[in-house]
Amino acid sequence: MNGSLQQYYNRIRMRNAAIAEQRRTECEKKNPRIASLREEQGEIVRRFAAGKITNEQAQSRLGAIAAEQKNLLIAMGLGASYLDPIYTCPKCRDTGEIGKGRQKPCSCALKKMQEELTDGARINTRETFAAFNPAVYATDAQRSFGVRCKAYCEKYVAALPHPEKPNLLFLGAPGLGKSFFANAIAYGAIERGIETRKVTAYRFIQDVMDGISNGTDAVRIYANLPFLVIDDLGTEPMVPNVTKETLFSVLNERIAMRLPTIVISNQMTDALSERYDERIVSRLTDKSVTAIVVFSGKNLRTRQS
Ligand SMILES: [Zn+2]
C-alpha cells in the first residue's frame, strides 16, 4: 500500500475513534453505570491476564457486561451497537486490506486507488449497472440488446475471477455503450475486491515505451494484472517491433493464465485483421476463451430526445 493510501486510512481510523470516544463520554455522563461496566471489564481482563480467573469465567462475565450495556443503550433510546467500534468499511475495518495476513486489497482501497488515476484511466462511479437506463435506446431492438447485454455482463461479473469465457471483445461504432458496459463490469469487479486496471491501447503502448527507457517491464505488469480492460484498440501508434509484439505478448500470456480481459474497439474484425498480425486477431477472437459482443444501431450520445 502506498504512503498516501496509508495516510488516508490513518485519517479515517482517527476520525472514527474520535467519534466513538465522544459517544462514550456522552453515554457515561448520562448513565454512570456504563462507566462502571467499562471499569469492571478492564478488571476482568487484568485478572485473566494475571491467571486469577479462567478463560471461561472471563468470557462469561464479559458476555454479561456486553449484554447489560446493550440493554442500557436501548433503554436510553440508542442502538444496541452505539458504543461498538466505528468502521467506515466494516469489511477491512478501515485497514484497506483483507484476507489472511491482510494481504489482499479491500474493495474500498481499490476504489480509492482509482480516484488517483487520470480521467481516461479511471473506472468511474457513474457508468454502473445500477445506472443503466433502457430509455436511452431509440429503438426496441437496440433496447432489447442493451437489456440482454447488461444481463450477460452482470453474470460475467458474478463469475469473476473465472467466468466461463474469461475474455470479452466489444466491437462497434462509437457511442453505442461499449465503454459503459466495460466500466460497469470493471466497477463490479472492484466491488468484488478484484484488482482492475482500465487503460486505452494508446496509453498501454506509451507505458511500454516509457518502460523501455526507464527499465520497467510494463508488459509483465499488464500481463499479470488480475483483471484488465483495454479500451480503444486500434487508436494506438504502430511502433515497429513494439505495438504488435507487446499486444500479442500480453494477450497471449493472459489467455494462458486464464486472466479475465476485456478489449474494446471501434473497428470490426476485418479492419483489425488488416491492422494486426493474424496471430493477434486469432487471440482476440479465440472463441474458446472469448465472447464477442457486436454493438450496433443508433449513436446514443447524439440521439435527440
Ligand atoms: Zn475496506
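**Briefing: helix packing and nonpolar core**

Helices α5 and α6 cross in a right-handed sense. This structure is a predicted model. The two helices span residues 140-159 (α5) and residues 178-191 (α6), and their axes come within 9 Å.

**Packing of α5 and α6**

- The axes of α5 and α6 cross at roughly 25°; angles under 35 degrees count as roughly parallel, and the two helices are therefore roughly parallel to each other.
- On the α5 side, the contact is formed by C149, C153, Y156 and V157, while α6 contributes F181, A184, I185, G188 and A189.
- By residue class, the contact of α5 with α6 comprises 8 nonpolar residues, 1 polar residue and no charged residues.

**Largest nonpolar core**

- The largest nonpolar core contains 47 residues.
- Within this core, the residues that touch the most other members are F170, A182, I185, A186, I230 and I262.
- Helix α6 gives the most to the core, with 9 residues.
- Leaving aside residues up to four places away in sequence, I230 touches V199, A201, F204, V263 and I264.

**Position of G79**

- G79 lies in the loop between α3 (55-75) and β1 (97-98).
- Because 11 other C-beta atoms lie within 10 Å of G79, this residue is exposed; the cut-off for that class is 12 or fewer.
- G79 and V208 are separated by 129 residues in sequence, and their C-alpha atoms are 54 Å apart in space.

Definitions and conventions: Residues are numbered from 1 along each chain as its sequence is written. This is a predicted model: local features need pLDDT of at least 70, side-chain atom pairs count only at pLDDT 80 or more; totals for chains, interfaces and linings use all residues. Axes are lines fitted to C-alpha atoms, for helices over the stretch in contact, and angles run from 0 to 180 degrees between N-to-C directions. Helices (H or I, at least four residues) and strands (E, at least two) are DSSP runs, numbered from the N terminus. Angles under 35 degrees count as roughly parallel, over 145 as roughly antiparallel, 65 to 115 as roughly perpendicular and the rest as oblique. A crossing is left-handed if the near helix is turned anticlockwise from the far one by less than a right angle, and right-handed if clockwise. Two residues are in contact if their C-beta atoms, placed from the backbone, lie within 7 Å. Ala, Val, Leu, Ile, Met, Phe, Trp, Tyr, Cys and Pro count as nonpolar, Asp, Glu, Lys and Arg as charged, and the others, Gly among them, as polar. A residue is buried if 20 or more other C-beta atoms lie within 10 Å of its own, exposed if 12 or fewer, and partly exposed in between; C-beta atoms are placed from the backbone. A nonpolar core is a set of buried Ala, Val, Leu, Ile, Met, Phe, Trp, Tyr and Cys residues joined through C-beta atoms within 7 Å.
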